[in-house]
Amino acid sequence: MSNNIFQDIIDKKIPAEIIYEDDLALAFNDISPQAPIHILVIPKKPITKLSASDDDDQKLLGHLLLVVKKITSDKNISDYRVAINNGAEAGQTVFHLHLHILAGRTFGWPTG
Ligand code: AMP
């Protein structure tokens, strides 16, 4: 096992409920859902957090958003929130970039 649980999911060393996979990205259900639908979309490239990405990642970052669009569209989810926690103070606990897709309930704003 690595010290990055999401890398272990990419490498299929630990199980996950995989929703979508392609050459660049993987999406799976969050193990501790904060909404009726809570899916994580991650790049296969080991980027620790959004602020660690660079200009070369432009296509990959765009791709992740299009994966969000594909998953929500395939599941007929029209209203959803996409969140990225960048850094511990922002709530990041797993240091492999991930986009949260949250849906199935009403969300407040601003977030807590
Ligand atoms: P964050 O707090 O933004 O770093 O989000 C990390 C997310 O990963 C949390 O919502 C966790 O519930 C989720 N998580 C941690 N371990 C796993 C796992 N093995 N499978 C699926 N989701 C996980």
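At 72% relative accessibility, Asn76 counts as exposed in this predicted model, because the cut-off for that class is over 50%. The residue sits in the loop that joins H2 to E4. Asn76 also has a positive phi of about 55°, although it is not a glycine.

## Helix H2

Helix H2 covers residues 58-74, which makes 17 residues. From the first C-alpha to the last, H2 reaches 24 Å, close to the 24 Å expected at 1.5 Å a residue. Leu60, Leu64, Val67, Val68, Ile71 and Thr72 are the buried residues in H2. Viewed down the axis of H2, these buried residues fall within an arc of 120°, so they line one face of the helix. On the other side of H2, the exposed residues are Gln58, Lys59, Leu65, Leu66, Lys69 and Asp74.

What lies over the buried residues of H2? The cover includes strand E1 (18-21), strand E2 (25-29), strand E3 (37-43), strand E4 (81-83) and strand E5 (99-103).

Lys70 also belongs to helix H2. With a relative accessible area of 38%, Lys70 is partly exposed, because this class lies between the buried limit of 20% and the exposed limit of 50%. Lys70 and Leu60 are 10 residues apart along the chain, and their C-alpha atoms are separated by 15 Å.

## Nonpolar cores

The largest nonpolar core has 14 residues. Which of them touch the most other members? They are Ala27, Val41, Leu64, Val67, Ile71 and Ile101. At least two residues of this core come from each of E2, E3, H2 and E5. H2 gives the most, with 5 residues.

Leaving aside neighbours within four places in sequence, Ile71 is in contact with Ile19, Tyr20, Ala27, Ile39, Val41 and Ile101. There is also a second, separate core of 9 residues, which includes Phe6, Ile10, Leu26 and Ile42.

Tyr20, one of the contacts of Ile71, is placed in strand E1. Is Tyr20 buried or exposed? Tyr20 has a relative accessible area of 18% and is therefore buried, as the limit for that class is under 20%. Not counting residues up to four places away in sequence, Tyr20 touches Ala25, Leu26, Ala27, Val67, Lys70 and Ile71. Tyr20 and Val41 are 21 residues apart in sequence, while their C-alpha atoms are 8.6 Å apart in space.

## The largest pocket

The largest pocket has a volume of about 790 Å³. Its lining consists of 33 residues. Those closest to the centre of the pocket are Asp30, Gln34, His38, Leu40 and His100. Two or more lining residues come from each of helix H1 (5-10), E2, E3, E4 and E5.

Gln34 is also a contact of Arg105. Arg105 touches Gln34, Ala35 and Pro36, not counting residues up to four places away in sequence. Arg105 itself lies in the segment after E5 and is partly exposed, with a relative accessible area of 43%. Between Arg105 and Ile47 there are 58 residues of separation in sequence and 30 Å in space, C-alpha to C-alpha.

## Backbone points to check

Most residues other than glycine have a negative phi, and most peptide bonds are trans. Against this background, Lys12 has a phi near 60°, a positive value in a residue other than glycine. Lys12 is found in the loop between H1 and E1. Its relative accessible area of 47% makes Lys12 partly exposed.

Where is the cis peptide bond? The bond from Trp109 to Pro110 is cis, with omega near 0°. Pro110 is in the segment after E5.

The table collects relative accessible areas of residues discussed above.

| Residue | Relative accessible area | Class |
|---|---|---|
| Tyr20 | 18% | buried |
| Lys70 | 38% | partly exposed |
| Arg105 | 43% | partly exposed |
| Lys12 | 47% | partly exposed |
| Asn76 | 72% | exposed |

Conventions:
Residues are numbered from 1 along each chain as its sequence is written. This is a predicted model: local features need pLDDT of at least 70, side-chain atom pairs count only at pLDDT 80 or more; totals for chains, interfaces and linings use all residues. Side-chain values use heavy atoms; hydrogens and water are left out. Helices (H or I, at least four residues) and strands (E, at least two) are DSSP runs, numbered from the N terminus. The expected span of a helix is 1.5 Å times one less than its number of residues. Buried means under 20% relative accessible area, exposed over 50%, partly exposed in between (1.4 Å probe, protein chains only). The arc is that of the directions from the helix axis to the C-beta atoms. Contact means heavy atoms within 4.5 Å. A nonpolar core is a set of buried Ala, Val, Leu, Ile, Met, Phe, Trp, Tyr and Cys residues joined through side-chain atoms within 4.5 Å. On a 1 Å grid over the protein atoms alone, a cavity is a set of points where a 1.4 Å probe fits but cannot get out, and a pocket is an open set with protein on both sides within 12 Å along at least five of seven lines; lining residues have an atom within 4 Å of a point. Grid points are joined across faces, edges and corners, and a volume is the space filled by probe spheres set on the points.
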